[in-house]
Amino acid sequence: MKRLCSVLSLVALPLGGAALAYDADIGVVTTFGKMEYSAGFDCDDYAYCCHWELFKQGIDAWQVGIHLYEYGRTLLIESRPRTDWVHERYCYVDGAGGDELLCWSQMEAPADPPSWIDEMTGPQGHALNIVETDHDDASFRRFCFYEPQQDLSVNCWLQAATVALPNPPQSAVDTLASWYGVTHYEDVNSVVEATVVDLWYGGHCDWAGEEVFTESEELVEEYEESTGYDAPPDEAALSDLEAIEELLDELEELYGDPDGDTGNE
């Protein structure tokens, strides 16, 4: 798998300036958008900070990992022989226009793309958020894909109130893919497909192969100076249960043991 965030790291989205409210029907102001995008503070860090700030404000949010396929349904493998080549020659081809994208040679059929070709044509990984928003009908819950690097709600959907976790329908995933296609791939006229590969509630992503920004004292200092907000905990994987336990511990310190001990001698 390619490193997480490679999609938006390619365009290096400029961030900074005033923080934006998440959505009119939530009315929360976030501060993490004041951080500059960098190799040390990238998409999984934005998603982590988004979840943490909304969690502290009592808003349910999740972090979600997706794969984006740049050429989607139009990426084909075709035999493209040349008279001056003694070996078999194959190419990944843009099915929409027939253009050769990446080619390789091999001794015999069938096509067997080498590892470096697979890496270059594999999915781009990215992290963003899903946030639960207010909704008038108690029979449903409303969730939105939220791109924290741009303080933007990409699209929303309703699902039955009895479903515990966000469960985006294919139409919402396709809309998300189209948004990335128009926003980040318009120059190459690509078809983009998206696949949700992970959903978690809690701390920083621990499967992207990247360090959480809180491991850098300089980035923590920059975050707290830029946002005026404490950085999230320096943990690689803060689970839902651990987050609840942390909150209970904080409440116990403030108000005493819920079983009757006030905490005061």
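What follows is a walk around helix H5 and the residue at its end.

Q: Which residues of helix H5 (residues 217-227) are buried, and which helix do they pack against?

A: Happy to take a look with you. A word on the basis: this is a predicted model, in which local features need pLDDT of at least 70 and side-chain atom pairs count only at pLDDT 80 or more, while totals for chains, interfaces and linings use all residues. Residues are numbered from 1 along each chain as its sequence is written, and side-chain values use heavy atoms, with hydrogens and water left out.

Helices here are DSSP runs of H or I with at least four residues, and strands are runs of E with at least two, numbered from the N terminus. In H5 the buried residues are Leu219, Val220, Tyr223 and Thr227. Buried means under 20% relative accessible area, exposed over 50%, and partly exposed in between, with a 1.4 Å probe and protein chains only. Looking down the axis of H5, these buried residues fall within an arc of 105°, so they line one face of the helix; the arc is that of the directions from the helix axis to the C-beta atoms. Glu217, Glu218 and Glu225, on the other side of H5, are exposed.

The buried residues of H5 pack against helix H2 (43-56), where contact means heavy atoms within 4.5 Å. Tyr223 also belongs to a core of 19 residues, which includes Tyr46, Cys50 and Tyr146 as well. A nonpolar core is a set of buried Ala, Val, Leu, Ile, Met, Phe, Trp, Tyr and Cys residues joined through side-chain atoms within 4.5 Å. Cys50 has 0% relative accessibility.

Now for threonine 227, which lies in H5 and counts as buried because its relative accessibility is 8%. A polar atom of its side chain lies 2.7 Å from the backbone oxygen of tyrosine 223, and the side chain of threonine 227 also reaches the backbone nitrogen of tyrosine 229 at 3.0 Å. A polar contact is a pair of N or O atoms within 3.5 Å; within protein, one must be able to donate a hydrogen and the other to accept it, and residues adjacent in sequence count only if both atoms are side-chain atoms. Leaving aside neighbours within four places in sequence, threonine 227 is in contact with Thr31, Phe32 and Lys34. Just after H5, glycine 228 takes a positive phi of about 70°.
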